[in-house]
Amino acid sequence: TLIDEKVLVKPKAYQMLEGPTGVKTTRGDFDNQELFTFFDKTTIYDGVYKAWCDKAYMKKTIIYCVNIEHAQKTAALFGDLARVVTSKTEENDAIIEAHKRGEFLVLVNVMILVKGYDDPSLECIILNFATKILSKFLQAGLRGARYKEGKTGYIVLDMGENHTRHGLLHADRDWSIKKHREKHTLGASPVRKCVLDVPAKARRN
(Lines give C-alpha, C1' and ligand atoms only; values in the text may rest on other atoms or scores of the structure.)
Protein backbone atom coordinates (compact mmCIF):
# COMPACT_ATOMS: atom_id res chain seq x y z
CA THR A 1 0.00 0.00 0.00
CA LEU A 2 0.99 3.65 -0.29
CA ILE A 3 1.22 3.73 3.51
CA ASP A 4 3.61 0.77 3.54
CA GLU A 5 5.64 2.43 0.78
CA LYS A 6 5.87 5.67 2.83
CA VAL A 7 4.04 7.73 0.24
CA LEU A 8 1.15 8.40 2.61
CA VAL A 9 0.59 8.26 6.38
CA LYS A 10 -2.49 7.04 8.23
CA PRO A 11 -4.88 9.52 9.90
CA LYS A 12 -5.97 9.34 13.52
CA ALA A 13 -9.60 10.43 13.37
CA TYR A 14 -11.88 11.87 16.05
CA GLN A 15 -15.56 12.29 15.21
CA MET A 16 -17.81 14.58 17.16
CA LEU A 17 -21.15 13.10 18.22
CA GLU A 18 -23.33 15.86 16.79
CA GLY A 19 -24.10 15.59 13.08
CA PRO A 20 -26.53 17.42 10.80
CA THR A 21 -30.18 16.55 11.40
CA GLY A 22 -33.15 17.71 9.38
CA VAL A 23 -30.98 19.14 6.57
CA LYS A 24 -32.51 18.54 3.14
CA THR A 25 -30.62 17.14 0.16
CA THR A 26 -30.03 19.25 -2.95
CA ARG A 27 -28.41 17.71 -6.06
CA GLY A 28 -27.09 14.75 -4.13
CA ASP A 29 -25.58 16.58 -1.14
CA PHE A 30 -26.72 18.47 1.94
CA ASP A 31 -28.30 21.80 1.03
CA ASN A 32 -25.56 24.38 1.55
CA GLN A 33 -27.69 27.07 3.21
CA GLU A 34 -29.40 24.64 5.58
CA LEU A 35 -26.04 23.05 6.37
CA PHE A 36 -24.63 26.47 7.27
CA THR A 37 -27.64 27.10 9.52
CA PHE A 38 -26.86 23.85 11.33
CA PHE A 39 -23.14 24.64 11.78
CA ASP A 40 -23.65 28.34 12.58
CA LYS A 41 -24.08 27.75 16.33
CA THR A 42 -21.99 28.85 19.28
CA THR A 43 -21.73 25.30 20.62
CA ILE A 44 -20.26 24.03 17.34
CA TYR A 45 -17.87 26.95 16.87
CA ASP A 46 -16.66 26.48 20.43
CA GLY A 47 -16.51 22.73 19.84
CA VAL A 48 -14.13 23.20 16.90
CA TYR A 49 -11.76 25.30 18.97
CA LYS A 50 -11.97 23.03 22.01
CA ALA A 51 -11.37 19.89 19.92
CA TRP A 52 -8.31 21.51 18.32
CA CYS A 53 -6.95 22.55 21.73
CA ASP A 54 -7.55 19.06 23.14
CA LYS A 55 -6.31 16.96 20.22
CA ALA A 56 -4.10 19.11 17.99
CA TYR A 57 -3.01 22.19 19.93
CA MET A 58 -0.47 24.31 18.03
CA LYS A 59 -0.30 21.81 15.18
CA LYS A 60 -0.24 22.97 11.56
CA THR A 61 -3.88 22.73 10.48
CA ILE A 62 -6.25 23.17 7.55
CA ILE A 63 -9.97 23.65 8.23
CA TYR A 64 -12.68 23.03 5.62
CA CYS A 65 -15.92 24.98 6.08
CA VAL A 66 -19.41 25.19 4.57
CA ASN A 67 -19.28 28.69 3.05
CA ILE A 68 -17.37 31.97 3.23
CA GLU A 69 -19.23 33.34 6.27
CA HIS A 70 -18.67 30.06 8.08
CA ALA A 71 -14.95 30.17 7.23
CA GLN A 72 -14.58 33.73 8.48
CA LYS A 73 -16.37 33.01 11.75
CA THR A 74 -14.33 29.84 12.26
CA ALA A 75 -11.04 31.64 11.63
CA ALA A 76 -12.00 34.28 14.19
CA LEU A 77 -11.92 31.58 16.89
CA PHE A 78 -8.17 31.23 16.41
CA GLY A 79 -7.28 34.93 16.35
CA ASP A 80 -3.81 35.67 14.95
CA LEU A 81 -3.11 31.95 14.49
CA ALA A 82 -5.46 31.73 11.47
CA ARG A 83 -6.05 33.17 8.02
CA VAL A 84 -8.76 32.51 5.42
CA VAL A 85 -8.66 31.71 1.71
CA THR A 86 -11.90 31.67 -0.31
CA SER A 87 -13.04 32.46 -3.84
CA LYS A 88 -13.43 36.09 -2.69
CA THR A 89 -10.06 36.44 -0.95
CA GLU A 90 -7.26 38.47 -2.53
CA GLU A 91 -3.71 37.11 -2.54
CA ASN A 92 -4.78 33.52 -1.97
CA ASP A 93 -1.51 32.17 -3.37
CA ALA A 94 0.57 34.32 -1.03
CA ILE A 95 -1.50 33.27 1.99
CA ILE A 96 -1.23 29.59 1.05
CA GLU A 97 2.54 29.79 0.58
CA ALA A 98 2.92 31.61 3.91
CA HIS A 99 1.05 28.75 5.59
CA LYS A 100 3.29 26.20 3.89
CA ARG A 101 6.32 28.07 5.24
CA GLY A 102 4.85 27.91 8.74
CA GLU A 103 4.28 31.64 9.18
CA PHE A 104 0.89 30.91 10.79
CA LEU A 105 -0.73 27.67 11.97
CA VAL A 106 -4.35 27.48 10.85
CA LEU A 107 -5.54 27.93 7.27
CA VAL A 108 -9.33 28.05 6.82
CA ASN A 109 -10.96 27.52 3.42
CA VAL A 110 -14.12 26.48 1.57
CA MET A 111 -13.01 23.45 -0.51
CA ILE A 112 -10.22 25.36 -2.26
CA LEU A 113 -7.40 23.24 -0.87
CA VAL A 114 -8.53 19.90 -2.28
CA LYS A 115 -7.41 17.87 -5.29
CA GLY A 116 -3.79 18.57 -6.16
CA TYR A 117 -2.94 20.49 -2.99
CA ASP A 118 0.22 19.14 -1.39
CA ASP A 119 1.83 20.08 1.92
CA PRO A 120 3.59 17.18 3.68
CA SER A 121 4.10 19.28 6.82
CA LEU A 122 0.36 19.31 7.65
CA GLU A 123 -0.43 17.81 11.07
CA CYS A 124 -4.20 18.25 11.39
CA ILE A 125 -7.29 18.44 9.17
CA ILE A 126 -10.61 19.69 10.51
CA LEU A 127 -13.70 18.70 8.54
CA ASN A 128 -16.00 21.50 9.68
CA PHE A 129 -18.72 20.43 7.26
CA ALA A 130 -20.85 17.43 6.36
CA THR A 131 -21.22 15.81 2.96
CA LYS A 132 -22.96 12.88 1.33
CA ILE A 133 -20.35 12.86 -1.46
CA LEU A 134 -17.52 10.40 -0.85
CA SER A 135 -15.01 12.15 -3.13
CA LYS A 136 -15.48 15.45 -1.28
CA PHE A 137 -14.84 13.72 2.05
CA LEU A 138 -11.70 12.04 0.72
CA GLN A 139 -10.31 15.11 -1.04
CA ALA A 140 -10.50 17.17 2.14
CA GLY A 141 -9.71 14.52 4.72
CA LEU A 142 -6.65 13.11 2.96
CA ARG A 143 -4.87 16.45 2.49
CA GLY A 144 -2.75 15.69 5.55
CA ALA A 145 -1.71 12.22 4.41
CA ARG A 146 1.40 13.10 2.39
CA TYR A 147 4.49 11.50 3.92
CA LYS A 148 7.69 13.27 4.85
CA GLU A 149 10.70 12.03 6.77
CA GLY A 150 9.75 11.36 10.39
CA LYS A 151 6.00 11.83 9.87
CA THR A 152 4.01 8.88 11.20
CA GLY A 153 0.44 10.19 10.99
CA TYR A 154 -1.86 13.18 11.25
CA ILE A 155 -5.04 14.11 13.10
CA VAL A 156 -8.52 14.47 11.59
CA LEU A 157 -11.27 16.20 13.56
CA ASP A 158 -14.61 15.41 11.95
CA MET A 159 -17.36 17.81 13.01
CA GLY A 160 -20.03 16.45 10.63
CA GLU A 161 -20.24 12.67 11.18
CA ASN A 162 -18.60 12.09 7.79
CA HIS A 163 -16.86 8.92 9.00
CA THR A 164 -20.21 7.41 9.96
CA ARG A 165 -21.44 8.17 6.43
CA HIS A 166 -18.38 7.09 4.45
CA GLY A 167 -16.10 4.92 6.59
CA LEU A 168 -12.43 5.46 7.36
CA LEU A 169 -10.46 7.77 5.10
CA HIS A 170 -7.83 5.10 4.45
CA ALA A 171 -10.31 2.22 3.96
CA ASP A 172 -9.98 -0.01 0.89
CA ARG A 173 -12.76 0.80 -1.58
CA ASP A 174 -14.08 -0.98 -4.65
CA TRP A 175 -14.14 1.78 -7.27
CA SER A 176 -15.38 -0.60 -9.98
CA ILE A 177 -18.95 -0.36 -8.72
CA LYS A 178 -20.60 2.80 -10.02
CA LYS A 179 -23.54 2.97 -7.65
CA HIS A 180 -23.57 1.51 -4.19
CA ARG A 181 -23.72 2.56 -0.62
CA GLU A 182 -20.32 1.91 0.91
CA LYS A 183 -20.25 0.34 4.34
CA HIS A 184 -16.90 -0.04 6.03
CA THR A 185 -16.08 -1.63 9.33
CA LEU A 186 -13.82 0.51 11.43
CA GLY A 187 -11.37 -2.33 11.88
CA ALA A 188 -8.33 -2.04 14.10
CA SER A 189 -8.13 1.75 13.97
CA PRO A 190 -11.63 2.96 14.85
CA VAL A 191 -12.70 6.57 14.70
CA ARG A 192 -12.60 7.96 18.20
CA LYS A 193 -15.89 9.46 19.33
CA CYS A 194 -15.94 12.81 21.10
CA VAL A 195 -18.87 14.61 22.67
CA LEU A 196 -19.33 18.30 21.93
CA ASP A 197 -19.41 19.37 25.55
CA VAL A 198 -17.97 22.87 25.63
CA PRO A 199 -18.34 25.97 27.78
CA ALA A 200 -20.43 28.84 26.51
CA LYS A 201 -17.29 30.92 26.08
CA ALA A 202 -14.21 29.42 24.45
CA ARG A 203 -10.85 31.14 24.64
CA ARG A 204 -10.27 33.51 21.74
CA ASN A 205 -7.16 35.56 21.04
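View 1. A search of the whole structure finds zero disulfides (pairs of cysteine sulfur atoms within 2.5 Å). The model is predicted: local features need pLDDT of at least 70, side-chain atom pairs count only at pLDDT 80 or more, and totals for chains, interfaces and linings use all residues. Residues are numbered from 1 along each chain as its sequence is written, and side-chain values use heavy atoms, with hydrogens and water left out. Buried means under 20% relative accessible area, exposed over 50%, and partly exposed in between (1.4 Å probe, protein chains only). Cys 124 is buried, at 1% relative accessibility. Cys 53 is partly exposed, with a relative accessible area of 26%.

**View 2. The largest nonpolar core.** A nonpolar core is a set of buried Ala, Val, Leu, Ile, Met, Phe, Trp, Tyr and Cys residues joined through side-chain atoms within 4.5 Å. The largest one here holds 59 residues. Which members touch the most others? They are Trp 52, Tyr 64, Phe 78 and Val 108. Helix H2 (residues 42–56) gives the most to this core: seven residues. Helices (H or I, at least four residues) and strands (E, at least two) are DSSP runs, numbered from the N terminus. In soluble globular proteins, nonpolar side chains tend to be buried together.

View 3. Strand S6 covers residues 106–109. Val 106 and Val 108 point one way from the strand. Leu 107 and Asn 109 point the other way, and all four residues are buried. Two strands pair if DSSP finds at least two bridges between them. Strand S4 (residues 61–64) pairs with S6 in the parallel sense, over four bridges. Here Thr 61 stands opposite Val 106. Strand S5 (residues 82–85) also pairs with S6 in the parallel sense, over four bridges. Here Arg 83 stands opposite Leu 107. From S5 the chain crosses through helix H4 (residues 92–100) to S6, in a right-handed β-α-β crossover. Right-handed means that, with the strands pointing away from the viewer, the path from the first strand over the helix to the second runs clockwise.

**View 4. The buried face of helix H1.** Helix H1 spans residues 32–39. Its buried residues are Leu 35, Phe 36, Phe 38 and Phe 39. Seen down the axis of H1, they fall within an arc of 155 degrees, so they line one face of the helix. The arc is that of the directions from the helix axis to the C-beta atoms. What do these buried residues pack against? Their partners are strand S3 (29–30), H2 and helix H3 (68–77).

**View 5. Thr 86 in its loop.** Thr 86 sits in the loop between S5 and H4. At 3% relative accessibility, Thr 86 is buried. Contact means heavy atoms within 4.5 Å. Leaving aside neighbours within four places in sequence, Thr 86 is in contact with Ile 68, Asn 92, Val 110 and Ile 112. Thr 86 and Asn 109 are 23 residues apart along the chain, yet their C-alpha atoms are separated by 5.7 Å.

**View 6. Two loop residues with positive phi.** Most residues other than glycine have a negative phi. Arg 27 has a positive phi, near 50 degrees. Arg 27 lies in the loop between strand S2 (25–26) and S3. Is Arg 27 buried or exposed? Arg 27 is exposed, at 81% relative accessibility. Glu 91 has a positive phi too, near 60 degrees. Glu 91 is in the loop between S5 and H4, and is exposed with a relative accessible area of 60%.
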